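Subject: Structure for you to look at

Hello,

Here is the structure I promised you. Please open it beside this email and follow along.

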Amino acid sequence: MDLASQTTILPLLFGCLGIFSLFRLLQRIRSKAYLRNAVVVVTGATSGLGRECAKVFHAAGAKLVLCGRNVKALEELSRELAGSSQGQTHQPFVVTFDLADPGTIAAAAAEILQCFGYVDVLINNAGISYRGTISDTIVDVDRKVMEINYFGPVALTKALLPSMVERKQGHIVAISSIQGKISIPFRSAYSASKHATQAFFDCLRAEMEEANIKVTVISPGYIHTNLSVNAVTADGSRYGALDKNTAQGRSAAEVAQDVFDAVGKKKKDVLLTDFVPSMAVYIRTLAPGLFFRIMASRARKERKSKSS
């Protein structure tokens with residue numbers, strides 16, 4: 001490459017990088033403007049991804065409603081956020097209820113609406129994981145996982161949806177999983193609940209477009225949280241161990257920032273995984289036979305490692 005070419009190409013490259021950086025900056029500014037003073041409800045707010053989402057949205061100036069089962073932990077988080085406030089932020093509200101108990105959700109939705117009078121963004125984050133073989137798992141475990149991961153978020157969404165439709169404004173977020181797009185061995189109940197989640201919120205997005213209700217489904221890969229530690233097993237007991245893949249997962253703070261960006265940009269469907277899991281989604285669609293062989297091999301290896 002001669003000197004004349006270099007003097008032409010290098011300024012062009014730097015110019016392109018500058019334009020790209022400016023574009024990203026403008027996107028970030030628009031995201032913060034969209035969420036500043038917005039009423040944001042976060043379920044499962046006391047730990048893991050939910051806690052980090054609460055921090056990110058609070059720092060951006062959102063009006064938070066923190067939801068979970070542990071009132072003490074929720075109140076501690078509310079005080080922590082209020083104490084760390086920089087600039088114009090709002091004191092979070094706290095609403096306590098259990099997604100596993102269908103009878104509490106209607107009352108919880110009414111309490112949520114009383115906090116600020118409306119909801120702009122609902123982040124369905126709370127959930128439970130599962131470890132076990134299908135043949136050994138009692139049906140009550142399947143029902144429990146579906147109740148928490150699917151029926152609970154669906155019931156809460158339906159309870160809050162009329163107020164959004166009436167205002168013709170709202171944004172519903174479902175924290176799903178890569179396992180809502182592909183299934184891996186020994187995760188049947190969890191993967192089934194996340195496949196159901198993906199399907200429901202895809203339908204909701206189409207049906208609510210005319211009402212100007214946005215729907216975002218976010219499918220992360222492994223996140224370094226206690227999700228596997230608190231997972232339920234085949235007999236309903238607690239798994240109690242941090243999986244290797246979970247331990248090597250992305251930090252919850254990083255994923256929370258990605259959730260914030262996705263909501264701010266009003267994205268419809270977001271896959272937050274590394275290259276290999278992302279490729280598995282395409283392989284499942286384009287070469288299902290190959291995908292099934294890979295999963296069968298994975299099952300054999302996992303059985304062998306547990307028996308050794």
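A helix here is a DSSP run of H or I with at least four residues, and helices are numbered from the N terminus. By that count, helix 8 is followed by Lys 266, whose phi is positive, near 55 degrees. Please keep in mind that this is a predicted model.

**Overall**

The chain has 308 residues, and 44% of them count as buried. It holds ten helices and eleven strands. Take the contacts between residues at least 6 apart in sequence: 73% of these join residues at least 24 apart.

**Helix 8**

Helix 8 covers residues 252-264.

**Helix 2**

Helix 2 covers residues 48-59. Its twelve residues should span 16 Å at 1.5 Å a residue. The end C-alpha atoms are 17 Å apart, which agrees. Buried in helix 2 are Leu 49, Gly 50, Glu 52, Cys 53, Ala 54, Val 56, Phe 57 and His 58. Just after this helix, Gly 61 takes a positive phi of about 95 degrees.

**Helix 2 against helix 8**

How do these two helices lie to each other? Their axes come within 8 Å and cross at roughly 55 degrees. Helix 2 and helix 8 are therefore oblique to each other. The crossing is right-handed.

Which residues of helix 2 and helix 8 meet? From helix 2 come Gly 48, Leu 49, Glu 52, Cys 53, Val 56 and Phe 57. From helix 8 come Ala 252, Ala 253, Val 255, Ala 256, Gln 257, Val 259, Phe 260 and Val 263. By class, this contact has eleven nonpolar, two polar and one charged residues.

**Helix 2 against helix 3**

Helix 3 covers residues 71-83. The axes of helix 2 and helix 3 come within 11 Å and cross at roughly 30 degrees. That makes helix 2 roughly parallel to helix 3, because angles under 35 degrees count as roughly parallel. This crossing is right-handed.

**Two single residues**

Glu 302 lies in helix 10, residues 288-307. Is Glu 302 buried or exposed? Its relative accessible area is 17%. Buried means under 20%, so Glu 302 is buried. Leaving out residues up to four places away in sequence, Glu 302 touches Pro 185, Phe 186 and Arg 187.

Lys 168 sits in the loop between helix 5 (139-167) and strand 6 (170-175). Again leaving out residues up to four places away in sequence, Lys 168 touches Glu 210, Ala 211 and Asn 212. Lys 168 and Glu 210 are 42 residues apart in sequence. In space they are 8.8 Å apart, C-alpha to C-alpha.

Best wishes

Note on methods:
Residues numbered from 1 in each chain as written. Predicted model: local features only at pLDDT ≥ 70, side-chain atom pairs only at ≥ 80, totals over all residues. Heavy atoms only, no water. Expected span 1.5 Å × (residues − 1). Axes fitted to C-alpha atoms, helices over the stretch in contact; angles between N-to-C directions. Parallel < 35°, antiparallel > 145°, perpendicular 65-115°, else oblique. Left-handed = near helix turned anticlockwise from the far one by under 90°. Buried < 20%, exposed > 50% of the residue type's maximum accessible area, 1.4 Å probe, protein only. Contact = heavy atoms within 4.5 Å. Nonpolar A, V, L, I, M, F, W, Y, C, P; charged D, E, K, R; others polar.
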